[in-house]
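Here is a short briefing for a first look at this structure. Keep the sequence and the 3D view open as you read.

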Amino acid sequence: MSILVAANFDADEWAAWWPALQAALPGEHLIRGRSEAPAEAIDVALVANPPLGALQGLPRLALIQSLWAGVDKLLADATVPAEVPLARMVDPAMNDAMAETALWAVLGLHRGTFAYAAQQRDRVWRQHPQRRADEIHVAVLGLGQMGRTAAQRLARNGYRVTGWSTRAMAVVEGITTAAGDAALAEVLASAHIVVNLLPLTPATRGIFGASTFAAMPAGASLVNLARGAHVVDTDLLAALDSGHLQHAVLDVFHSEPLPVEHPFWSHPNITVLPHVAAQTDPRSAAVIAARNVQALRQGQPLADRVDRRRGY
Ligand code: NAP
Ligand code: GLV
């Protein structure tokens, strides 16, 4: 059988992924293009933003393994066969990277380093009051692989952290938890900083709109590390321009790369990152993907299967 790697990698990315996958999957026949094996011989697809239609017409496809953590694009692609088990990337190295980004953003907002960077550009010497970490309330929306790791890292750094999910969680060390739509307003009302680590689903699309921003206290900030479509861009700009929100750190956008004419680029209270909060690392991810291929071959349960009904 053959394993199709269906990805929109550039040359540098292929140069990192191909040897990592070959090393993790010895004895497997890896192919990059459909023409390299008959359709009936392909039983696994390893995917990263696969071209439209890349997985159609594969009668023996038994596993779609995403090399990305978020699967919203795959679930939105009607050409991805809905009956084939879909697993997503869950990599502790990525969770750690995400926690580092969340900590960097929260520290920057707490200690004013984004504001000081702007002051330096204008040669302004102005000191702002310094607060203690335990005076800063951080809400982490989404308490999954990444949200939980980020929330715990923030708590270990002294922040008061509340995490929000759909299902009530057993105690998560160091953080307060809340669950369900009814709890959201209260979680937001006490947050100086909101970190978004939700998956993009019909329930979470556009969650950061005018009413959510209004539920956050004056002077609060947003850190969006999940998906651009969680945010209603015009509502965010309005909340920043009115002074209700102080700052937004954004790693993800409706359209990526962020178009050069987009107002986020030049907004004085927005920090833009080019979708780098937690990049998949081929060295660890190839090994994790290979474990699921092995599980399939041995008739064992697949890890990290996506619940298509929930959308994550
Ligand atoms: P995950 O393990 O699936 O966790 C999802 C969390 O969100 C769970 O706690 C879930 O709660 C909660 N949730 C889902 N829908 C909800 C809703 N309607 N209301 C409240 N809570 C809800 O996902 P993950 O691995 O942590 O990844 C999260 C997202 O990060 C990914 O989907 C992706 O979009 C993004 N991401 C971004 C980057 C980047 O570089 N910027 C990198 C990787 C991933 P329950 O479990 O209780 O249902
Ligand atoms: C990146 O955004 C991912 O979902 O892995």
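## Ligand contacts first

In ligand 1, an oxygen atom sits 2.3 Å from a polar side-chain atom of Y312. The model is a predicted one.

**Around ligand 1**

- Ligand 1 has 30 residues around it. The nearest are M146, T166, R167, D251 and Y312.

**Around ligand 2**

- The surroundings of ligand 2 are W68, A69, G70, M94, R227 and H275.
- H275 places a side-chain N or O atom 2.6 Å from an oxygen atom of ligand 2.
- A69 uses its backbone: a polar atom there lies 2.7 Å from an oxygen atom of ligand 2.
- R227 uses its side chain, with an N or O atom 2.8 Å from an oxygen atom of ligand 2.

**Helix α3 against helix α5**

- Helix α3 covers residues 92-111, and helix α5 covers residues 145-156.
- Their axes are 8 Å apart, and the packing angle is about 50°. α3 is therefore oblique to α5.
- The crossing of α3 and α5 is right-handed.
- By class, the contact of α3 with α5 has nine nonpolar, three polar and three charged residues.

**Helix α3 against helix α4**

- Helix α4 runs over residues 113-121. α3 and α4 pack at about 65°, with axes 5 Å apart.
- W104, A105, G108, L109 and R111 are the α3 residues in this contact. T113, F114 and Y116 are their partners in α4.
- The contact of α3 with α4 has five nonpolar residues, two polar and one charged.

**Helix α1 against helix α9**

- Helix α1 spans residues 11-24, and helix α9 spans residues 282-297.
- The two axes come within 9 Å and cross at roughly 40°. α1 is therefore oblique to α9.
- α1 and α9 make a right-handed crossing.
- From α1, the contact takes A16, W17, A20, L21 and A24. From α9, it takes P282, A285, A286, V287 and A290.
- What classes of residue make up the contact of α1 with α9? Ten are nonpolar, with no polar and no charged residues.

**Backbone details**

- E256 and P257 are joined by a cis peptide bond, with omega about -5°.
- P257 lies in the loop between β11 (245-250) and β12 (270-272).
- H275 is not a glycine, yet its phi is positive, at about 50°.
- H275 is located in the loop between β12 and α9. H275 is also one of the residues surrounding ligand 2.

Key
Residues numbered from 1 in each chain as written. Chains lettered and ligands numbered in written order. Predicted model: local features only at pLDDT ≥ 70, side-chain atom pairs only at ≥ 80, totals over all residues. Heavy atoms only, no water. Axes fitted to C-alpha atoms, helices over the stretch in contact; angles between N-to-C directions. Helix = DSSP H or I, 4+ residues; strand = E, 2+ residues; numbered from the N terminus. Parallel < 35°, antiparallel > 145°, perpendicular 65-115°, else oblique. Left-handed = near helix turned anticlockwise from the far one by under 90°. Nonpolar A, V, L, I, M, F, W, Y, C, P; charged D, E, K, R; others polar. Near = heavy atom within 4 Å. Polar contact = N/O pair within 3.5 Å; in protein donor to acceptor, adjacent residues only side chain to side chain. Contact = heavy atoms within 4.5 Å.
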